[in-house]
Amino acid sequence: MMRRRDVLALGAAALVVGGEAGAQGMPGAAAAAPPAPEGAWDDGLAHPIPYEPRLGAGKQRGLVLGGGGAYLASWMAGYFHGLKAKGVDLATADIAVGTSAGSVMGASLLGGHLWRLSAELDFLGRFPRLFADLIPTQAPNASQLRARAAADGATAADPATIQGIGRAAMAARNPAGPDQYFTTVKHLIGEESWPSPKLHTTAIDCYTGERLVVSAQAGIPINVACAASSSLPGSMGPTWLKNRLCMDGGICQTSTHADVVAGVARALVISLSDGGEDAVKVGLRTSGLPNTLQQEVRTLEGQGTKTVLKVVGLLPGVSSVDSLMDPKWIEPCLKNGHERGLADGDEMKAFWNA
């Protein structure tokens with residue numbers, strides 16, 4: 001039986017899971033950094049876009065989970081439950097990539113902990129005030145505001161912009177900082193061991209601006225990988241991956257990193273927004289930078305992958321989202337996700353179970 005203290009810690013972790021950070025750049029093509037010793041960055045983590053070779057080649061089912069804070073994490077939990085009730089188990093994916101909140105949900109799904117996590121989210125959604133003593137509620141300090149402004153105000157998808165956001169992220173004094181955030185995420189996931197060789201998570205190197213992809217082969221604990229993937233600049237982290245200090249995987253021109261599953265026969269892509277500019281206005285993204293989501297879907301389809309894109313969007317009757325990490329969204333997102341999972345059951349059974 002989980003103690004109340006652990007349940008509260010779990011709730012705190014759910015809230016600090018990074019949102020769809022949105023600040024888009026071009027990792028893998030970063031501006032020149034000062035010279036480093038030969039082989040200093042040869043750790044197998046950096047993978048330019050598109051990922052080569054195609055990891056999905058020869059595989060049947062691919063799952064791509066984007067970022068979106070507690071809002072999207074709760075929706076995904078409900079959606080996965082709804083689909084399971086209709087005979088569709090997304091845990092049967094042959095390859096999966098998760099970014100930010102999507103990394104946490106992917107780890108929970110493929111690790112067999114999703115159903116426990118969903119129950120805890122349901123409890124915490126009904127008692128959001130229990131977070132008060134665990135979640136930093138003070139106004140953001142100047143260093144945090146600077147990091148958020150760097151991400152929110154970026155409008156060009158160039159390497160220098162990514163590195164500029166990375167510098168601001170490294171200089172931010174966050175309450176859940178580099179030495180704390182990964183332990184918070186451990187409460188949420190419930191383990192440190194990598195849940196499945198099928199899972200990949202993404203992050204961005206703050207210093208070089210490179211896109212990083214982490215798998216079981218990297219030898220990195222899953223809670224650390226997910227913490228790095230959800231280290232939203234000016235909010236939590238950044239997090240060390242080996243000798244790289246990393247930020248949210250959404251600080252990139254792609255919010256889903258769908259290229260990681262390229263070559264798979266069919267892929268389900270779940271995204272908070274459709275990648276359009278309107279998403280910024282209603283709070284479903286935190287930056288106005290270009291988002292290559294729609295092009296990623298077209299690329300997958302052009303390569304022969306049958307692709308279904310599920311856009312979460314705004315809940316019925318909601319015109320905007322003030323904060324993707326607000327606990328008030330947990331309960332309604334769980335409910336809406338479950339309803340949509342049930343409604344999509346027949347469609348997804350024909351697609352996923354084929």
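Predicted model: local features only at pLDDT ≥ 70, side-chain atom pairs only at ≥ 80, totals over all residues.
1. Let's start with charges. Searching the whole structure turns up ten salt bridges. Arginine 244 and aspartate 43 make one of them, with N to O at 2.7 Å. Arginine 244 sits in strand 6 (residues 244-248) and aspartate 43 in the loop between helix 1 (4-16) and strand 1 (61-65), so this pair ties together parts that are 201 residues apart in sequence. Arginine 244 is also buried, at a relative accessible area of 1%.

2. Now for a local pair. Lysine 281 and aspartate 278 form a salt bridge, with 3.8 Å between the closest N and O atoms. Both belong to helix 9 (residues 278-281) and lie three residues apart, about one turn of the helix. In an α-helix there are 3.6 residues a turn, so residues three or four places apart point the same way. Lysine 281 and aspartate 278 are both exposed.

3. Another salt bridge joins the side chains of aspartate 322 and lysine 328, at 3.1 Å from N to O. Aspartate 322 counts as exposed because its relative accessibility is 55%, with the threshold being over 50%. Lysine 328, with a relative accessible area of 42%, is partly exposed.

4. On to the hairpin. Strand 3 (residues 199-205) and strand 4 run antiparallel and are joined by four bridges. Alanine 203 stands opposite leucine 212 of strand 4. There are five residues between the strands of this hairpin, and glycine 209 takes a positive phi near 80°. Strand 4 (residues 211-214) is covered on both faces: Arg211 and Val213 are buried on one side, Leu212 and Val214 on the other.

5. How many residues of helix 3 (residues 101-110) are buried? The count is ten of its ten residues. Among them are Gly102, Ser103, Met105 and Leu110. Just after helix 3, glycine 112 has a positive phi of about 80°.

6. The largest nonpolar core has 65 residues, and those with the most contacts inside it are Leu63, Tyr71, Phe80, Leu90, Leu241, Leu268 and Ile270. Helix 2 (residues 69-85) gives the most to this core, with ten residues. For leucine 241, contacts beyond its neighbours within four places in sequence include Leu45, Ala203, Leu212, Val214 and Cys246. In soluble globular proteins, nonpolar side chains tend to be buried together.

7. Finally, have a look at histidine 257, in the loop between strand 6 and strand 7 (266-271). Is histidine 257 buried or exposed? Histidine 257 is buried, with a relative accessible area of 0%. Its side chain makes a polar contact with the side chain of arginine 211, at 3.0 Å. The histidine 257 side chain also reaches the backbone oxygen of glycine 249, at 2.8 Å. Leaving aside neighbours within four places in sequence, histidine 257 is in contact with Val97, Thr99, Thr202, Arg211, Gly249, Cys252 and Glu296.

Conventions. Residues numbered from 1 in each chain as written. Heavy atoms only, no water. Salt bridge = Lys/Arg side-chain N within 4 Å of Asp/Glu carboxyl O. Helix = DSSP H or I, 4+ residues; strand = E, 2+ residues; numbered from the N terminus. Buried < 20%, exposed > 50% of the residue type's maximum accessible area, 1.4 Å probe, protein only. Pairing = 2+ DSSP bridges. Core = buried A, V, L, I, M, F, W, Y, C linked by side-chain atoms within 4.5 Å. Contact = heavy atoms within 4.5 Å. Polar contact = N/O pair within 3.5 Å; in protein donor to acceptor, adjacent residues only side chain to side chain.
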